[in-house]
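Subject: A structure for you to look at

Hi there,

Here is the structure I promised to pass on to you. Have a look at it first, then read my notes below.

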Amino acid sequence: QVQLVESGGGSVQAGGSLRLSCAASGDTYSSNCLGWFRQAPGKEREGVAAIYTGGRRTDYADSVKGRFTISQDNAKNTLYLEMNSLKPEDTAMYYCAAKTVYGGAWYRAATYKYWGQGTQVTVSS
């Protein structure tokens with residue numbers, strides 16, 4: 001089992017920045033892909049970014065490329081999402097998630113086994 005706890009959400013003005021953190025515990029060895037997802041009211045949960053073992057590969061949704069950066073601190077078992085140039089469209093509940101196996105598109109929520117509780121990000125215009 002892997003436990004994930006997000007933090008760092010909040011309310012910011014458009015153009016501002018936030019850094020989300022996801023603390024992982026449990027059988028973290030089994031997680032070879034970590035991702036950030038977001039879900040706005042009435043919308044599908046969408047993949048924001050993902051990072052693979054050792055940080056050798058990252059993926060981003062087109063909507064956040066150039067603005068968001070995913071990273072990890074292995075020593076702290078912590079995943080980060082640095083969000084810059086935030087837009088009102090970024091408003092959503094943000095979740096971190098973990099895969100235990102490779103396979104499936106990184107941006108599909110159904111391919112992730114473990115999920116955090118979410119942290120709210122609200123961006124005002």
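Let me start with a term: two residues are in contact when they have heavy atoms within 4.5 Å. This is a predicted model, so local features need pLDDT of at least 70, side-chain atom pairs count only at pLDDT 80 or more, and totals for chains, interfaces and linings use all residues. Residues are numbered from 1 along each chain as its sequence is written, and side-chain values use heavy atoms, with hydrogens and water left out.

**Gln 39**

Which residues does Gln 39 touch, leaving aside its neighbours within four places in sequence? They are Glu 44, Arg 45, Ala 92, Met 93 and Tyr 95. Gln 39 itself lies in strand E4; strands (E, at least two residues) and helices (H or I, at least four) are DSSP runs, numbered from the N terminus.

With Arg 45 there is also a side-chain to side-chain polar contact of 3.2 Å. A polar contact is a pair of N or O atoms within 3.5 Å; within protein, one must be able to donate a hydrogen and the other to accept it, and residues adjacent in sequence count only if both atoms are side-chain atoms. A polar atom of the Gln 39 side chain also lies 3.1 Å from the backbone oxygen of Lys 43.

Gln 39 is partly exposed, with a relative accessible area of 27%. Here buried means under 20% relative accessible area, exposed over 50%, and partly exposed in between (1.4 Å probe, protein chains only).

**Two positive phi angles**

Asn 77 has a phi near 50°, a positive value in a residue other than glycine. Asn 77 sits in the loop between strand E7 (68-73) and strand E8 (78-83), and is partly exposed at 33% relative accessible area.

Ser 85 also has a positive phi near 50° and is not glycine. Its place is the loop between E8 and strand E9 (92-99), where Ser 85 is partly exposed, with a relative accessible area of 42%.

**The largest pocket**

How many residues line the largest pocket? There are 21, and Thr 28, Ser 31, Leu 34, Gln 72 and Asn 74 lie nearest its centre. Elements giving two or more residues to this lining include strand E1 (2-7), strand E3 (18-26) and E7. A pocket is an open set of points, on a 1 Å grid over the protein atoms alone, where a 1.4 Å probe fits, with protein on both sides within 12 Å along at least five of seven lines; lining residues have an atom within 4 Å of a point.

Enjoy exploring!
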